[in-house]
Amino acid sequence: MTVGFFTDTTVCIGCKACEVACKQWNQLPDDGFSFTGMSYDNTVQLGASTWRHVAFIERPPTGDDGAGDKFSWLMMSDVCKHCETSACLEACPTGSIIRTEFDSVFVQPDICNGCGYCVSACPFGVIDRREDDGRAWKCTLCYDRLGADMTPACAQACPTESIVFGELSSLHERAASRVEALHASGHTEAYLYGVDQSGTDGLHAFFLLTDEPEVYNLPSAPVAYSKTNGRAWRSMVAAGVAMAVAAVVSARR
Amino acid sequence: MAECHPVGFQWVMEAKARGATLIHVDPRFTRTSAVADLHVPLRAGSDIAFLGGIVNYILSEERYFREYVVAYTNASSILREDFQDTEDLDGLFSDPSTWLYESGSGNDDTRDGESHEGGGLHEDAYRDPTLTHPRCVFQVLRRHFSRYTPALVAETCGVSESSFLAVCSALCDNSGRDRTSAFCYAVGWTQHTVGVQVIRTAAIVQLLLGNIGRPGGGILALRGHATIQGSTDVPTLYNLLPGYLPMPKAGDDDTFGSYISNHTAASGWWTQFPKYTVSLLKAWFGSAAQAENDWCYNYLPLLTGDHSHMNTVADMADGKVRGYFVMGENPVVGSMHGRLQRAALASLDWLVVRDFALIETAEFWRSSPACETEVFFFPAAAHTEKDGTYTNTQRLLQFHHKAVEPAGDRRSELWFMYHLGLRLRALYAGSSLSRDRPLLDLTWSYGTVGPHDEPDVLEVLKEINGFTVADGVPVPSFTALADDGSTACGCWIYSGSFADGVNMTARRSASGAPWGFAWPADRRLLYNRASADPSGRPWSERKAYVWWDPVASRWTGHDVPDFIVDRPPSYRPASDAVGLDTIAGDKPFIMQGDGVGWLFAPTGVVDGPLPTHYEPQESVMSNPLYSQQRNPTRLEWSRDDNPYHRPFDDPDYPFVVTTYRLTEHHTAGGMSRWLPWLAELQPEFFCEVSPSLALERGLANGEWATISTARTSVEARVLVTSRIPPLMVGRGRRRRAVHQIGLPYHWGSSGLVRGDSANELISFVADPNVSIQESKALTADIRPGRRAR
């Protein structure tokens, strides 16, 4: 069964229960105690020890005298996307990163040798090596909980159903009707990120957003290695053919 | 609410998903504002002007629910001729003895605790149902708030007229027969020198709109801890006994007879007062309590004055208090004026602190070498390590089961108090002194369970629920309590929570069956008789909740009716009726002597029968409404170590400060600053300032700033944000921008993350009704850089 997360940012209240529940269940260490001055975000980004991260985006009002959009504060709980075509998995030379029976992407810590290829491969900057042990870590989609038929810790803790866990196609349906409802109530800016995405073939953790992806620190067109490999090979073949043609042509002269 | 009650806020989000409009009125744009339909930033300390403006809008635009107002409020009651309003006396009321209905009999002094006396208000004479009599409450109310116009609200609160009117129309459009609106508030409304009157203003709005006692209506107090409601019901308050029985006062309540006659109402539900008092004394003193000795009433201490928190701490600092128990609180960080709090602790002989961690209150002596206080620290068990109940803001008791035994020396509060009591009794066992009788006669023999001899919480619950003395069988409800010593009950409003010996608070059913137990009598909505019209029919099909069934001749519906179940709507008490027979069939507010909701409070509020806008103790502007600048009855502490700023326009302290909590931390930090997963989320004390204030004072985002009051200075990291905008206040040439500084108050000198505490800045000054401090609106200065050391 393919499962995943639908994260609806329009009902996120930024409580960070997902961050804390994730750290508690997975017994992750803190990321240090430093004040960033970046709104209410002091964990900054996803990393080896932060597998859920809530971004806070303060958007100033536009236009003068309330003519444009009012001030708004966007909150979004980010997580590993568990891509359909997964760059980290493709990059992993040891076979540590595997696709599970839930179609999630899982790093086996006892196999990971800390080469770090996955870190540079991930188009979202999700996976990261932990400084003290060198290995790569990221969201497991609570693989250990799924095996016991439990909801992942973050979705279980979310008080407003901003994070919904479930079977992917039903999540797609739920998300589509949510977008429809938002459009009907005048919020035409709402859209889904990661459902149809050629560079990854779709994300198993996808999002409902109300602004450009870059506003949430998401790439607008993420691409997995294998997608560009084909193009690279094609380019190389084309170049070879072109050179051969050129050689033949020049030889005839 | 999303900031401090994210779990409860899920229901707000669910209402919003169903089409509810969510309005947030707060100086800051918070996580609540982020999902609200409308956020209205206002000047901290201007809430009564804002709410009073809504009252004025409702009355002048004729938007009130007239049938509800006429039938279920005291709008029609005619006031005495010598009552003079703040409109007559420029911000003062006439003497409290004039705050009475024309029929009125004696008005009692209600400085301390609850008043159950309706002032002989059941007489039902002197009413004008047309609401036109110039001295009826309705007309007095109209005059009182007539100057709270949208323009005045705008210039006082710093809001735009258009957003204020948007709030008014949204609220009125969503109230009436078919619709209801609810208010949710927390200490942002209460921690003011006018705290009680802010809530009173909200109550007036809700009564005028017919939003009390009806589904989807109400005024919901969001509490600061998991069971603060419970600690008010079975109180930790100095002036209350369990179930809102007043603590006896020296001079007034010296004998059992005077206590009973002072507090038993002539009409309404508080006619039952003697039953609850005698049952409480039977629960506490058992067989020692007999009719001949007035049920051991003289064992109770008598109040000799205001022994609320600030008075006690001031007395401590002056060497008048020798010992102090601090349990589940961290006053050095969480209470006002940290320096004075520490000075008070340092003047004690001994201090007992029970908490999870070595909080600042247990560690304060490390920074005061001269301190000779002997400090005892007892580690506390967490909620997962003990059985018990929580009572939430909805009066819902929910049981939690112990998951693990507390490790090491950790113990529950119940264990601590019970075993302390046993040891004290052992020390006094041989005493023949009469002064030691209360301790020795106390019923103090709960069964114990487990490896630590933990008292059996179900035995405690049974005592709270009440039982018949002869056979020890739990009573089904407080209606079974008697004043002849045949019943014992530790807290009458909780009666029924252990009916039939079943722990009702542990009920957990997702199938629609009752969940937990809601006091009183498992009612989910108080005063729900008001959800039906005077003749007992629902106001509308959409809002049907509790109604009169004429066939069965009973009240019925979706909840336990908050009324005498077989009393028909047509019932009218005879003139010589006594007890519960005084409650008319069309008067839903059964706890009030006159059975109606009070727009005008003839008794029970010290600082006036109607709310009036006064500026905070320390303000940035003069009162735009009256020459009376501040609440004339506020409590001040005139001490050298408690200096105040000028009432307004103090050049040294030109900005408004407000304090608050963040989602990531819990109050004074005892439950969050020691946990890395929470501490890393908000690791440092910071101040929130607008870009324009940052520019004016040279503050840089992420750098340090020092915030100062006459009490002290604290340093904080700077967070520059448009979420705390400057507001335009005043009119004409006096119109100007007011800057507000936001300070979360979670940090202290101990824990994984440390910093100065915002509460160091706050003075000792209080509301006169409940002695709550004013920490939500004061003045201060802010400068770049760290504080001097």
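Which residue is the bridge partner of B:L396 in β16(B)?

1. The model under review is a predicted one.

2. Chain B contains 21 helices and 28 strands. Its radius of gyration is 26 Å, close to the 28 Å that the globule rule gives for 789 residues, so chain B is as compact as a globular protein of that length. Along the principal axes, the C-alpha atoms of chain B occupy a box of roughly 75 × 70 × 55 Å.

3. Of the 789 residues in chain B, 50% are buried. When contacts in chain B between residues at least 6 apart in sequence are considered, 68% of them link residues at least 24 apart.

4. To return to the opening question, the bridge partner of B:L396 in β16(B) is B:A518. Strand β11 of chain B covers residues 396–400, and its pairing with β16(B) is antiparallel, over two bridges. In general, the strands of a sheet pair through backbone hydrogen bonds, in either a parallel or an antiparallel manner.

5. These strands belong to an open sheet of three strands in chain B, with the order β10-β11-β16 and antiparallel pairing. Strands β10 (388–391) and β16 (517–518) of chain B stand at the edges; each has a single partner strand, so one side of each is left without a neighbour in the sheet.

6. Is B:L675 buried or exposed? B:L675 counts as buried because 21 other C-beta atoms lie within 10 Å, where the cut-off for a buried residue is 20 or more. Between the C-alpha atoms of B:L675 and B:A291, which are 384 residues apart along the chain, the separation is 54 Å.

7. The contact between the two chains draws 31 residues from chain B and 25 residues from chain A. On the side of chain B that touches chain A, the elements giving two or more residues are α1 (9–17), α2 (31–35), α20 and β23 (713–720) of chain B. Among these, α20(B) gives the most, with four residues. By residue class, the side of chain B that touches chain A comprises 18 nonpolar, seven polar and six charged residues.

Key. Residues are numbered from 1 along each chain as its sequence is written. Chains are lettered from A and ligands numbered from 1 in the order in which they are written. This is a predicted model: local features need pLDDT of at least 70, side-chain atom pairs count only at pLDDT 80 or more; totals for chains, interfaces and linings use all residues. A residue is buried if 20 or more other C-beta atoms lie within 10 Å of its own, exposed if 12 or fewer, and partly exposed in between; C-beta atoms are placed from the backbone. Two strands pair if DSSP finds at least two bridges between them. The radius of gyration is taken over C-alpha atoms; the globule rule is 2.2 Å times the number of residues to the power 0.38. Two residues are in contact if their C-beta atoms, placed from the backbone, lie within 7 Å. Ala, Val, Leu, Ile, Met, Phe, Trp, Tyr, Cys and Pro count as nonpolar, Asp, Glu, Lys and Arg as charged, and the others, Gly among them, as polar.
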